[in-house]
Amino acid sequence: MSENEPLVCSPRRLLNIHRIVQCFVVVGLIWKIQFFRWTDDVYLTFPLSDPFFPDWLESQRTLRIAYLAAVASGLLAILLNRRFLLVLVTIIEWAALSVLMIHQGSYNDVTFTTSWWTVLWCLFVSSQLQASNPLLTSQRAARLACVILSLIMLGAAVGKWTTEYWSGVVLYEIYFRERDFWFFNWLRDCYSEDQLQVLSLVHSRIVIIVETIAGLTLWCLPSRIAGWCGMLLMLFIPLSNNYMLFSVTLSLLGLGWAAVMLSKGSPSPCCEQV
């Protein structure tokens, strides 16, 4: 099969899974746009400058171009079905996210971190669409998805291995005290401030323990189990904390789904010709 011919059979299955994961990435990036616009206005009103960053990594123009390039190339990756072009636009998407990962205005945003790792997975899959052993490629892609999920969860856990998080103080200040979200509004209606502090401590420790266990185990679990666990976690986090967190978890939700679909013996509608 030449690079200019449409992909079929097993490569078609990988292509469709790649497309759906890209859909998760693009929706996550678009989900971010409201907050992105707000921070863009803030940076224009209160420009920041740090000698650590070169001028082009402080420029709002660079930030906007990188964001738009990531979204546009992700959309193209959903539409293309020729390997050479698909790899090319996926590289562009990954490069744009790389800029967002190191730009002064976006380097601390986890949305771009999770999207970066997911697109790196997409780059691997798109480059292997014509591999001689599609089954082995599928297994490697499923395992890589689990490793990335594990890595992200471990990173999230390590960031919370502090006295402030373990005591519940950080989550109390961020969420329990005055966060306007249905879950925390309900807790404030039902419990006193002292009880909320206790709940915050318990909640914070559960989060740390669950993220640590997930970070240490997802990579070595069977891909289907790891994928389902990853998807449940990526749904629970925004549904119980903040809907804006879907911008962070949607790309990882796509990786969890891919791990399940690529597991040996897993039924998938993507096997059909399109």
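How many salt bridges does the count come to? The count comes to 3 salt bridges, a salt bridge being a side-chain nitrogen of Lys or Arg within 4 Å of a carboxyl oxygen of Asp or Glu. The model is predicted, so local features need pLDDT of at least 70 and side-chain atom pairs count only at pLDDT 80 or more, while totals for chains, interfaces and linings use all residues. Residues are numbered from 1 along each chain as its sequence is written, and side-chain values use heavy atoms, with hydrogens and water left out.

**View 1. Aspartate 109 and lysine 32 form a salt bridge.** The closest N and O atoms of the two residues are 2.9 Å apart. Aspartate 109 is in the loop between helix H4 (83-102) and helix H5 (110-127), and lysine 32 is in the loop between helix H1 (9-31) and helix H2 (33-45). The pair links distant parts of the chain, 77 residues apart. Helices (H or I, at least four residues) and strands (E, at least two) are DSSP runs, numbered from the N terminus. Aspartate 109 has a relative accessibility of 13% and counts as buried; lysine 32, at 8%, counts as buried too. Buried means under 20% relative accessible area, exposed over 50%, and partly exposed in between (1.4 Å probe, protein chains only).

**View 2. Aspartate 109 caps the N-terminal end of H5.** A side-chain oxygen of aspartate 109 lies 3.0 Å from the backbone nitrogen of threonine 111. This is listed as a polar contact, a pair of N or O atoms within 3.5 Å; within protein, one must be able to donate a hydrogen and the other to accept it, and residues adjacent in sequence count only if both atoms are side-chain atoms. The 18 residues of H5 should span 26 Å at 1.5 Å a residue, and the end C-alpha atoms of H5 are 26 Å apart, which agrees. The expected span of a helix is 1.5 Å times one less than its number of residues. Buried residues in H5 include Thr111, Phe112, Trp116, Trp121 and Leu123.

**View 3. Lysine 160 takes part in a salt bridge and also sits over a ring.** Glutamate 211 is the salt-bridge partner of lysine 160, with the closest N and O atoms 3.2 Å apart. Glutamate 211 lies in helix H10 (residues 193-217) and lysine 160 in the loop between helix H6 (134-158) and helix H7 (163-166), so the pair ties together parts that are 51 residues apart in sequence. Both glutamate 211 and lysine 160 are buried. The charged end of lysine 160 is over the ring of tyrosine 165, 5.9 Å from the ring centre. A charge sits over a ring if NZ of Lys or CZ of Arg is within 6 Å of the ring centre and within 35 degrees of the ring normal.

**View 4. Glutamate 173 and arginine 177 form a salt bridge.** The closest N and O atoms of this pair are 2.9 Å apart. Glutamate 173 is partly exposed, with a relative accessible area of 39%. Arginine 177 is at 47% relative accessibility and counts as partly exposed.

**View 5. Phenylalanine 53 and tyrosine 107 form a tilted aromatic pair.** The structure holds 13 aromatic pairs. Rings of Phe, Tyr and Trp (its six-membered ring) pair if their centres lie within 6.5 Å; planes under 30 degrees apart count as stacked, over 60 as edge-to-face and the rest as tilted. For phenylalanine 53 and tyrosine 107, the centres are 5.7 Å apart and the planes are at 40°. Phenylalanine 53 is in the loop between H2 and helix H3 (60-79), and tyrosine 107 is in the loop between H4 and H5, 54 residues apart. Phenylalanine 53 is buried, at 11% relative accessible area, whereas tyrosine 107 is partly exposed, at 45%. Elsewhere, one aromatic cluster is formed by Tyr175, Phe176, Phe181, Trp182, Phe183, Phe184, Trp186 and Tyr243.

**View 6. The largest nonpolar core has 36 residues.** A nonpolar core is a set of buried Ala, Val, Leu, Ile, Met, Phe, Trp, Tyr and Cys residues joined through side-chain atoms within 4.5 Å. Ile17, Trp121, Leu255 and Leu262 touch the most other members. Two or more residues come from each of H1, H4, H5, H6, helix H11 (223-241) and helix H12 (246-261). H12 gives the most to this core, with 10 residues.
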